[in-house]
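Please look at the model shown here.

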Amino acid sequence: MIPFQLHDMETAPHSSRAIMADMQRHGGDLPNLLRTLAESPVALDAYRQLATLLGGSSLTPIEQQVVYVTAAHTNQCHYCTSPNPMLGDDAQADEVTSAIRRGQRLVDVRLQTLRRFTAAMTEHRGWVPEADVESFLRAGFTRENLLEVITGIALVTLSSYANHVTATPLDHLAA
């Protein structure tokens, strides 16, 4: 594996520093994923923009988490599937993310439908059978939600692929 630097405010390319500073103001310490992405201001900003957009979506925070962890699990991302306090700290969030990591069915039928749909979208690279789309919509999700799931998958794909290539080391923010 070609080593990638874990950047800080002194080693990051100049264009990444403002993005990093903004992210630190809103979230404190930067996880190793973002420190690695700082090598490319475009990649770092793409991650920030997608995360912000997904956070403002019509999906609830727990639904966003189901999309994130399911797509990361499907992508076999070592970093994104590690226990992560940034993904939530309530009992439902812990239960859902743990079940996804262990490959167990989610108790909540709607969240399980979202999980199945997200996994199918990720595995089939968007070419899901029409029956999967219909099942997703019958569960009460909307066409808007469907496109937001794709946005979440884009975010996770960026993260997963970067983590695969750079072998991002786990840190206290992702472990």
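Buried means under 20% relative accessible area, exposed means over 50%, and partly exposed lies in between (1.4 Å probe, protein chains only). By that scale Ala167 is partly exposed, because its relative accessible area is 39%.

This is a predicted model; local features need pLDDT of at least 70, side-chain atom pairs count only at pLDDT 80 or more, and totals for chains, interfaces and linings use all residues. Residues are numbered from 1 along each chain as its sequence is written, and side-chain values use heavy atoms, with hydrogens and water left out.

Ala167 sits in the segment after H8. Helices here are DSSP runs (H or I, at least four residues), numbered from the N terminus. Phi of Ala167 is near 50°, a positive value in a residue other than glycine. Arg125 also has a phi near 50°, again positive and not in a glycine. Arg125 lies in the loop between H6 and helix H7 (130–138). Arg125 is exposed, with a relative accessible area of 72%.

**How the helices pack**

Axes are lines fitted to C-alpha atoms, for helices over the stretch in contact, and angles run from 0 to 180 degrees between N-to-C directions.

| Pair | Axis distance | Angle | Handedness |
|---|---|---|---|
| H6 and H8 | within 10 Å | roughly 60° | right-handed |
| H3 and H8 | 10 Å | about 150° | left-handed |
| H4 and H6 | within 9 Å | roughly 40° | right-handed |

A crossing is left-handed if the near helix is turned anticlockwise from the far one by less than a right angle, and right-handed if clockwise. Angles under 35 degrees count as roughly parallel, over 145 as roughly antiparallel, 65 to 115 as roughly perpendicular and the rest as oblique.

Start with H6 (residues 109–123) and H8 (residues 143–166). Their angle makes them oblique to each other. Contact means heavy atoms within 4.5 Å. On the H6 side, Leu114, Phe117, Thr118, Met121 and Thr122 take part; they meet Leu146, Val149, Ile150 and Ile153 of H8. By class, this contact has 7 nonpolar, 2 polar and no charged residues. Ala, Val, Leu, Ile, Met, Phe, Trp, Tyr, Cys and Pro count as nonpolar, Asp, Glu, Lys and Arg as charged, and the others, Gly among them, as polar.

Next comes H3 (residues 41–55) against H8. These two are roughly antiparallel to each other. Residues of H3 in the contact include Ala43, Tyr47 and Leu54, while those of H8 include Glu148, Gly152 and Leu158. The contact of H3 with H8 divides into 9 nonpolar, 3 polar and 1 charged.

Now take H4 and H6, whose axes cross at roughly 40°. That makes H4 oblique to H6. Among the H4 residues in this contact are Ile62, Glu63 and Val66, and among those of H6 are Arg110, Leu111 and Glu123. By class, the contact of H4 with H6 has 7 nonpolar, 4 polar and 4 charged residues.

**A residue in a loop**

Asn75 is placed in the loop between helix H4 (61–74) and helix H5 (91–102). Is Asn75 buried or exposed? Asn75 counts as buried, at 15% relative accessibility. Which residues does Asn75 contact, leaving aside its neighbours within four places in sequence? They are Thr122, Val156, Thr157, Ser160 and His164. The side chains of Asn75 and Ser160 are joined by a polar contact of 3.4 Å. A polar contact is a pair of N or O atoms within 3.5 Å; within protein, one must be able to donate a hydrogen and the other to accept it, and residues adjacent in sequence count only if both atoms are side-chain atoms.
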